[in-house]
Protein chains: 2
Amino acid sequence: MNSFQPPERLLMGPGPSRIDPRVLAAMANPTIGHLDPQFIILMDEIKELLQYVFQTENEATFPVSGPGSLGMESCLVNLIEPGMRVVVCQNGFFGGRMREIAGRLGAEIILIEESWGRAIDPQKFRDTLKKHSDVRLVAFVHAETSTGALSDARTLVEVAHEFDCLTLVDAVTSLGGCELKTDEWGIDVCYSGSQKCLSGPPGLSPVTFNERALQHIKNRNSPVQSWFMDVEEVLKYWSGGLKRAYHHTAPINNLYGLHEALLLARKEGLENAWKRHFQNHRALVAGLEAMGLKMAVPEKERIPQLNAVEIPGGVDDQRVRMKLLNEYNIEIGAGLGQMAGQIWRIGQMGASSQAEKIIRTLRALEQLLREEGLQIPEGVSEKAADGVFAGA
Amino acid sequence: MNSFQPPERLLMGPGPSRIDPRVLAAMANPTIGHLDPQFIILMDEIKELLQYVFQTENEATFPVSGPGSLGMESCLVNLIEPGMRVVVCQNGFFGGRMREIAGRLGAEIILIEESWGRAIDPQKFRDTLKKHSDVRLVAFVHAETSTGALSDARTLVEVAHEFDCLTLVDAVTSLGGCELKTDEWGIDVCYSGSQKCLSGPPGLSPVTFNERALQHIKNRNSPVQSWFMDVEEVLKYWSGGLKRAYHHTAPINNLYGLHEALLLARKEGLENAWKRHFQNHRALVAGLEAMGLKMAVPEKERIPQLNAVEIPGGVDDQRVRMKLLNEYNIEIGAGLGQMAGQIWRIGQMGASSQAEKIIRTLRALEQLLREEGLQIPEGVSEKAADGVFAGA
């Protein structure tokens, strides 16, 4: 057994995305203690930078010490008490995960189901809330990583508030890649992942809770079932100036990496990043369509940074993805759950969202689809993408 | 706000410990996907290396994607069902944390309390189990990080098995630093941390479950309250050859680091590492006692890698630790919980357990204690430690 030397993959899947060499270098800095005053300064800076990317002034904004799925569970376990009625929207795999977690926590779930690959319908959402006046929490996914569908978070939150419901929004794939305005839209609780459009190290989950949500948690009748995720406990470590209480050992070097990734995000500016992702999305879609491929999500409901494309008939899903990986060192995502074998998920997130990476991916895919027997004139996808870049 | 450049601290506290530059360099390798076949090979190697350090053949041996406290909660949440009667031993802060988590999970807890700074008394343990014949799970801390006391895990497990109880052992501070033999001692479930004697990156928690424990989990009447920590779900990702199911995005670069740290541990050999920690412990204690300091734990109950020493009267705890940090770049640990202000915790774990680092720490502490007004002849602590090293 030897030291591990990973291949240099071009990460064009649903995450993790490419990590900037400056972020990787930051992670290799010497470890210091999780209560070191220098580290506490770093923590405060991370909070401030996360407030910027979430577009919030929430004091309770910090990274959970675990991946996005732990962030999801952290939010749900704090907000839900056994027997509580909760609306969960499911239009893909991750809505299903919310439902699963909420169920284990003893919630009575009212499910709003939507076809996979479509946005949540605000009218159905409103009708459901009207019918169930005792609901005080609704949870939905902003950008469904499993299908590429983007829901209208702003409208859904507005409707939820009309019915006096707290809102929990999954922004794992949206944060940093497309418009998300926590405070302006009134989102009460939001979580994300470090390894998508922020291009930070995998394994951290930025979360934010507003005052209304914290008040709801304070008023619980039963303790939060999880000690590790109890936000009131965690905040004793993540706030309070230099005098803060030990809660758990933070993933120190990962936080070095997140800090550096957030500095890069701030340097570019959020709106510039949103534009970049959108522009590269248009080029990618033009290239895919020029090959004759069909996007799986209607145009107005697409997540720019995560593109679900239908696998053409007669093409071997597994073989194409494995050749992409082994011959071209490019990773794209398979379909998840009921979409396995039907779609590919091509991400262009964070540091992976660059014109030359889009072109490299299109070229390789075009070649492999020809090898699968599709009649695609050489270079059409690159030309189409270039057209978009030129007109940018 | 600028890129963070951490100071070079000598980490002589209760963890994190020093990380070898080879481990830091491994973490800066380019990120690949969490389902990449190359990554799956790495995962299998990590499992095998963890089996070695745990001294187990348990197939269910893997790192939880979060810090040791999440590992603790992961073990408890899988083993405990609401209403179950559980014996928890508390001889320090972390036994208290086990109790807190078990309580939130709805366990009926039978507490065995022991003075902080002492090992769990096997006779009291036996008497308790005799009295409560319906108990099927006992949980205790092997090496209590908060006090420096080492309990006799082998004997406690033996006794527990006489009463047909499953055993859950906290080995956060013991794994890799002193004798721990999961299979030979019959430990059913054990968890640890990456950042102590393994000198891996903070943020991972190695765990191991034997067949008996997995069978207990399989026979649960209620689902595990946590989806993220449900070991049956997690094992779909952490086992099964090349075809494995997505569960969550692993902390990829942290796992690169853990792999490298485990390779270094295997290269040294576990028994050599135990000897090294014990030898350096003897030198450290000789040095501390030569200064006139008193160890807080009786000699036969001490954790070699974590040394609790009483703070002499008239000495300012906070001032000494801050000067050590700011003037000497050395971190040692404060007392936790009821021992705050009474003891210092001087660790020498993993890559921090080296003769020159012990000497450097003794020298600095000796000087600072003189500044606090203690009459200590210059160089006595170094001389005493050197005596141990010379006689090694």
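Which residues are buried in helix 4 of chain A? They are A:F93, A:F94, A:G95, A:G96, A:R97, A:M98, A:I101, A:A102 and A:R104. A residue is called buried if 20 or more other C-beta atoms lie within 10 Å of its own, exposed if 12 or fewer do, and partly exposed in between, with C-beta atoms placed from the backbone. Helices (H or I, at least four residues) and strands (E, at least two) are DSSP runs, numbered from the N terminus.

The model is a predicted one, in which local features need pLDDT of at least 70 and side-chain atom pairs count only at pLDDT 80 or more, while totals for chains, interfaces and linings use all residues. Residues are numbered from 1 along each chain as its sequence is written, and chains are lettered from A and ligands numbered from 1 in the order in which they are written.

Helix 4 of chain A is mostly covered, with nine of its 12 residues buried. The cover over these buried residues includes helix 3, strand 3 (85-90), strand 4 (108-113), strand 5 (137-141), strand 6 (143-144) and strand 8 (166-170) of chain A. Just after the helix, A:G106 takes a positive phi of about 90 degrees.

Chain A as a whole has 14 helices and 14 strands. Its C-alpha trace spans about 65 × 55 × 45 Å along the principal axes. The radius of gyration is taken over C-alpha atoms, and the globule rule is 2.2 Å times the number of residues to the power 0.38. A compact globule of 392 residues would have a radius near 21 Å; chain A has 21 Å, which agrees. Of the 392 residues of chain A, 56% count as buried. Two residues are in contact if their C-beta atoms, placed from the backbone, lie within 7 Å. Among contacts in chain A with a separation of 6 or more, 72% join residues 24 or more positions apart.

Chain A can be laid on chain B by a turn of 180 degrees and a shift of 0.0 Å along the axis, with an RMSD of 0.0 Å. The two copies are thus related as by a two-fold rotation axis. The superposition is by least squares on the C-alpha atoms of residues with pLDDT of at least 70 in both. The same surface serves both copies, as 98% of the contact residues of chain A recur in chain B.

At the interface, 62 residues of chain A are in contact with 61 residues of chain B. On the side of chain A, two or more residues come from each of helix 1 (21-27), helix 2 (37-54), helix 3 (68-79), helix 4 (93-104) and helix 10 (252-268). Helix 10 of chain A gives the largest share, seven residues. By class, this side has 31 nonpolar, 22 polar and nine charged residues. Here Ala, Val, Leu, Ile, Met, Phe, Trp, Tyr, Cys and Pro count as nonpolar, Asp, Glu, Lys and Arg as charged, and the others, Gly among them, as polar.

A nonpolar core is a set of buried Ala, Val, Leu, Ile, Met, Phe, Trp, Tyr and Cys residues joined through C-beta atoms within 7 Å. The largest one has 243 residues, of which A:L76, B:L76 and B:L262 touch the most other members. Helix 10 of chain B (residues 252-268) gives the most to this core, with eight residues. Leaving out residues up to four places away in sequence, B:L76 touches B:M98, B:I101, B:A102 and B:L105.

B:P202 is found in the loop between strand 9 (189-191) and strand 10 (205-209) of chain B. B:P202 is buried, because 28 other C-beta atoms lie within 10 Å. Beyond its neighbours within four places in sequence, its contacts include A:T31, A:T249, A:A250, A:P251 and A:I252 in chain A, and B:P16 in chain B. B:P16 lies in the loop between strand 1 (10-11) and helix 1 (21-27) of chain B, and a cis peptide bond with omega of about 5 degrees joins B:G15 and B:P16.
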